[in-house]
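Please read these points alongside the model.

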Amino acid sequence: MSKFEFERGKMVPVPSHSIVPERDVDSAPVLEALHLGIDFGGLKAVDDFNLTIGKTEIAGLIGPNGAGKTTVFNLLTKVYAPTRGTILLNGNDTSGKTVHQVNRMGIARTFQNIRLFDTMTVEENVKVGLHNTEAYSTLSGILRTPAYWRREREAHERALELLSIFDMQDLADHQAGSLPYGAQRRLEIVRALATNPSLLLLDEPAAGMNPSETVELMENIVKIRDTFNIAIMLIEHDMNLVMNICEGICVLNFGKVIAKGTAEEIQNDDTVIEAYLGKRKEA
């Protein structure tokens, strides 16, 4: 596998008792999750979840299967309404907001199971994500006014520009469902970026990818962060990817945070090792 080199930013403490990259200290956090929790019946699926993400941080959310990671993503994006706690996105409280509203506020995501419009073209899928920047009225669309055609031309150009991040612009007219698995993963990321987020959530982006595709993905995650000046949080089971690219890492187990820190700190945390590998038996 090709070697991937990424210089992670130094993590420093902030007044909220969290850590963020040093470059983000003078900027407001993109996300603050405070005492977040949700109950399903009598089960506390997520309990007292606290996390701060810096403005341009690449963060990781890891944990064993069933730890509650995707549930956290569902809470942050309002697929689920929290039972308790607060979510601040760029300092704005998201309580009472819908999935659509919180997306407009600046949070976008991909899913464990790819969710594309398979019968639509690659470009059409990206254009779906551009709804946040639509500038013409419904009447303009019906009447096909000059404003409508101008907007369509701009949307076409923007879609190709976004696809070029993954060198996919030549696939614009292909049917999304006909793409190889890895390309469908990349298209889902491009569609999420089209909504103009300040925080991009990636749910197992390397799932199903071979080692060379994973290295390319790591390079592209850094490229996306630098190009769009946004924060990225990912759920991932590929520990090579997580430890090479994530600056701050949060570990969940049974819905609770058991550790937070840098890659080096997490790798040497006995509680994390026990959660993944089980408790050592006494000799």
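The numbered points below go from the whole chain to single residues.

1. Basis. This is a predicted model, in which local features need pLDDT of at least 70 and side-chain atom pairs count only at pLDDT 80 or more, while totals for chains, interfaces and linings use all residues. Residues are numbered from 1 along each chain as its sequence is written, and side-chain values use heavy atoms, with hydrogens and water left out.

2. Whole chain. The chain has ten helices and twelve strands; helices (H or I, at least four residues) and strands (E, at least two) are DSSP runs numbered from the N terminus. Of its 283 residues, 49% are buried, where buried means under 20% relative accessible area, exposed over 50%, and partly exposed in between (1.4 Å probe, protein chains only). Among contacts with a separation of 6 or more, 69% join residues 24 or more positions apart; a contact means heavy atoms within 4.5 Å. The accessible surface is about 14000 Å², and carbon and sulfur atoms hold 50% of that area. Areas come from the Shrake-Rupley method with a 1.4 Å probe, and for residues only the protein chains shown count as cover.

3. Two strands pair if DSSP finds at least two bridges between them.

4. Strands β8 and β9 run parallel and are joined by three bridges, with Ile107 partnered by Leu199 in β9. Strands β9 and β10 are also parallel, with five bridges; here Leu200 has Ile232 of β10 as its bridge partner. Four bridges link β5 (residues 58–62) to β10 (residues 231–235), again in parallel, and Ala59 is partnered by Met233 in β10.

5. Strand β9. How many of the five residues of β9 are buried? Five of the five are, so the strand is mostly covered. Leu199, Leu201 and Asp203 point one way, Leu200 and Leu202 point the other way, and all are buried.

6. Four-stranded sheet. A further open sheet is antiparallel, with its four strands in the order β4-β3-β6-β7. Its edge strands are β4 (43–53) and β7 (92–93), each pairing on one side only. Strand β6 (residues 84–89) is joined to β7 by two antiparallel bridges, and Leu89 stands opposite Asn92 in β7.

7. Helix packing. Helix α1 (residues 69–76) packs on the four-stranded sheet, where it touches β3 (31–40), β4 and β6 and makes an angle of about 115 degrees with β3.

8. Gln184. This residue is in helix α6 (residues 181–193). Is Gln184 buried or exposed? It counts as buried because its relative accessibility is 14%. Apart from neighbours within four places in sequence, Gln184 is in contact with Ile114, Leu116, Ala176, Gly177 and Leu179.

9. Largest pocket. Its space is about 400 Å³. On a 1 Å grid over the protein atoms alone, a pocket is an open set of points with protein on both sides within 12 Å along at least five of seven lines, and lining residues have an atom within 4 Å of a point. Grid points are joined across faces, edges and corners, and the volume is the space filled by probe spheres set on them. There are 18 lining residues, and those closest to the centre are Asn103, Arg109, Phe111, His131 and Thr195. At least two lining residues each come from α2 (99–105), β8 (107–109), α3 (122–129) and α6; α2 gives the largest share, four residues.

10. Positive phi. Asp48, in strand β4, has phi near 55 degrees, a positive value in a residue other than glycine. Asp48 is partly exposed, at 38% relative accessible area. Phe254, in the loop between β11 and β12, is likewise not a glycine and has a positive phi of about 50 degrees. Phe254 counts as exposed because its relative accessibility is 68%.

Key: Axes are lines fitted to C-alpha atoms, for helices over the stretch in contact, and angles run from 0 to 180 degrees between N-to-C directions. On a 1 Å grid over the protein atoms alone, a cavity is a set of points where a 1.4 Å probe fits but cannot get out, and a pocket is an open set with protein on both sides within 12 Å along at least five of seven lines; lining residues have an atom within 4 Å of a point.
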